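Hi,

Here is the structure I promised to pass on.

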Amino acid sequence: MNQQRLWSSLQKLATFGASENISEEGITRLSLQKEDLAARKYVIELMKEAGLSVKVDVVGNIIGSLKGVDQTKPIVMTGSHIDTVYQGGRFDGALGVLGAIEAVRSIKESGIKLQNTIDVVSFTDEEGTRFGTGYIGSKAMAGELDETILQLRDDEGVSYEEAFCQAGFQPERYKEAIRNKEEIKAFIEMHIEQGKVLEGNNLPIGIVTSIQGPVWMEVTFEGHADHAGATPMNMRYDSGLAMAEVMLDVEKIATQYGGVGTVGKLRIEPGGVNIIPGISKFSIDLRHIDKTKRIDMVNKVREAIHQVSIKRGVSAKVDVKKSVDPKVCSPKVMEAIEEACHQLDQPTMKLQCGAGHDSLIMANITEMGMIFVRSKDGISHHPKEWTDTEDCAIGTQVLFNTLVNLAQ
Ligand code: GLV
Ligand code: MN
Ligand code: MN
Ligand code: MN
């Protein structure tokens with residue numbers, strides 16, 4: 001593979017949605033916003049340059065195919081996403097898409113003839129930052145979307161359906177994006193680790209064994225907005241204090257169960273210095289590698305919300321925005337990656353994955369595996385997210401060999 005070509009494409013993609021000071025403020029390329037739409041055009045261009053035949057499905061998944069010798073055989077699929085979180089980094093998702101394009105381009109250039117077709121996919125809206133849910137492209141492929149998604153609105157009041165239509169996609173035909181199980185032999189995603197395990201072990205890449213599944217909730221407490229000076233402390237229905245209590249409960253519960261819990265987005269209404277918060281809306285992200293423990297965590301958090309609402313005399317509404325089960329990676333795909341590592345004299349460290357990925361969804365319709373690439377200081381969802389040029393190249397070479405192993 002061509003290390004320099006991959007690196008230039010990563011740097012170029014990073015310019016879409018980049019703030020002026022990218023190292024401090026990062027990249028904001030939310031799904032279907034103009035920065036994302038421009039970046040999509042670049043990815044399509046790159047796929048064409050790589051000699052792939054490109055198709056964009058009804059929900060905007062970009063699919064570049066390298067046709068195999070035997071088109072009756074199921075395809076081998078690889079890819080990731082190019083949307084980012086607020087002030088995200090250059091590599092999350094991007095490496096999995098651009099690395100896959102580079103790997104497949106190099107396979108083509110080296111004249112290797114593969115039996116199975118390889119599809120490189122850039123999935124629509126993995127992060128879920130804009131509409132509060134995520135994995136939309138992979139869910140559409142796996143047949144897990146339903147109409148309710150289309151009615152979700154972003155913070156500006158734009159519905160998902162409107163955003164899709166403005167981008168030129170056909171969301172009402174979302175069922176046409178479904179791929180059946182027999183069509184796909186395996187899905188493999190290369191992604192930065194977003195943790196410190198590989199770095200701690202001095203290794204450029206690793207093989208993922210299982211992926212934590214996230215639950216996202218949106219909680220709304222409604223109390224009474226009132227005068228901050230004229231309302232005595234014992235006569236308040238302060239939704240903000242209810243939220244604060246639950247934030248601490250989330251920390252306690254996640255710690256107690258050995259999982260992780262985060263309140264990352266909050267809004268208080270009306271939001272004035274001298275007004276008691278009337279409405280408080282906030283997100284909760286709960287994850288655990290063990291499904292039953294995660295269910296227990298969710299129940300405990302729900303109970304905490306209920307108790308706090310009684311104690312403070314505020315009403316509580318809980319919406320589950322996303323609930324994805326943790327997944328174990330396919331032994332077959334893990335073996336193909338391991339073989340690739342042996343072919344390339346790379347050690348084969350196995351590790352778990354804490355972040356969420358389209359792979360979680362693709363595992364419902366095919367054999368799924370992930371290659372992790374070392375992250376500097378484990379930092380991610382942050383402008384300082386970094387992976388060295390050489391590590392990107394090693395990951396891509398491992399992906400190259402894995403694809404050949406699966407498709408030859
Ligand atoms: C997205 O990267 C997530 O894991 O939430
Ligand atoms: Mn991410
Ligand atoms: Mn990602
Ligand atoms: Mn993710």
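Glu127 is in contact with Ser31, Asp83, Thr84, Val85 and Gly134, leaving aside its neighbours within four places in sequence; two residues are in contact if their C-beta atoms, placed from the backbone, lie within 7 Å. Glu127 sits in the loop between strand S4 (118-123) and helix H5 (136-141). Helices (H or I, at least four residues) and strands (E, at least two) are DSSP runs, numbered from the N terminus. With 24 other C-beta atoms within 10 Å, Glu127 is buried. For that term, a residue is buried if 20 or more other C-beta atoms lie within 10 Å of its own, exposed if 12 or fewer, and partly exposed in between, with C-beta atoms placed from the backbone.

Before going further, please keep in mind that this is a predicted model: local features need pLDDT of at least 70, side-chain atom pairs count only at pLDDT 80 or more, and totals for chains, interfaces and linings use all residues. Residues are numbered from 1 along each chain as its sequence is written, while chains are lettered from A and ligands numbered from 1 in the order in which they are written.

Now the annotated sites. UniProt, in an unreviewed entry, lists Asp92, Glu127 and His381 under "binding site". These residues are spread over 290 residues of sequence, yet they cluster in space, with a largest C-alpha distance of 10.2 Å. The unreviewed entry in UniProt also lists His81, Asp92 and His191 under "binding site". They too cluster in space, although spread over 111 residues of sequence: the largest C-alpha distance is 9.7 Å. UniProt positions are given in the numbering used here, feature names are shortened, and annotations may be inferred rather than shown by experiment.

Asp92 is in the loop between S3 and helix H4 (94-109), and it counts as buried because it has 28 C-beta neighbours inside 10 Å. Setting aside residues up to four places away in sequence, Asp92 touches Thr84, Ile192, Gln194, Ser380, His381 and Glu385.

Beyond its neighbours within four places in sequence, His381 is in contact with Val85, Gly88 and Asp92.

His81 lies in strand S3 (residues 75-81) and counts as buried, with 29 C-beta neighbours inside 10 Å. Its contacts, leaving aside neighbours within four places in sequence, are Gly93, Val97, Ser122, Phe123, Glu126 and Asp358.

Glu127 comes up again at the ligand. Ligand 1 is surrounded by Glu127, Pro214, Ala355 and Gly356, where a residue is near a molecule if its C-beta atom, placed from the backbone, lies within 6 Å of it. That shell divides into two nonpolar, one polar and one charged residues. Ala, Val, Leu, Ile, Met, Phe, Trp, Tyr, Cys and Pro count as nonpolar, Asp, Glu, Lys and Arg as charged, and the others, Gly among them, as polar.

On the overall layout, the protein chain is assigned domain 1 (3-212 + 326-407) and domain 2 (213-323); such bounds come from an automatic or database domain assignment. The C-alpha centres of domain 1 and domain 2 lie 33 Å apart. Across the boundary, 12 residues of domain 1 are in contact with 10 residues of domain 2. The side of domain 1 that touches domain 2 has three nonpolar, eight polar and one charged residues.

A few backbone details may interest you too. Most residues other than glycine have a negative phi, and most peptide bonds are trans. Here, a cis peptide bond joins Glu269 and Pro270, with omega about 0°, and Pro270 is in the loop between strand S9 (266-269) and strand S10 (279-288). Leu32, not a glycine, has a positive phi of about 70°; Leu32 is buried, with 25 other C-beta atoms within 10 Å. Asp345, also not a glycine, has a positive phi of about 55°, but Asp345 counts as exposed, with 6 C-beta neighbours inside 10 Å.

Best wishes
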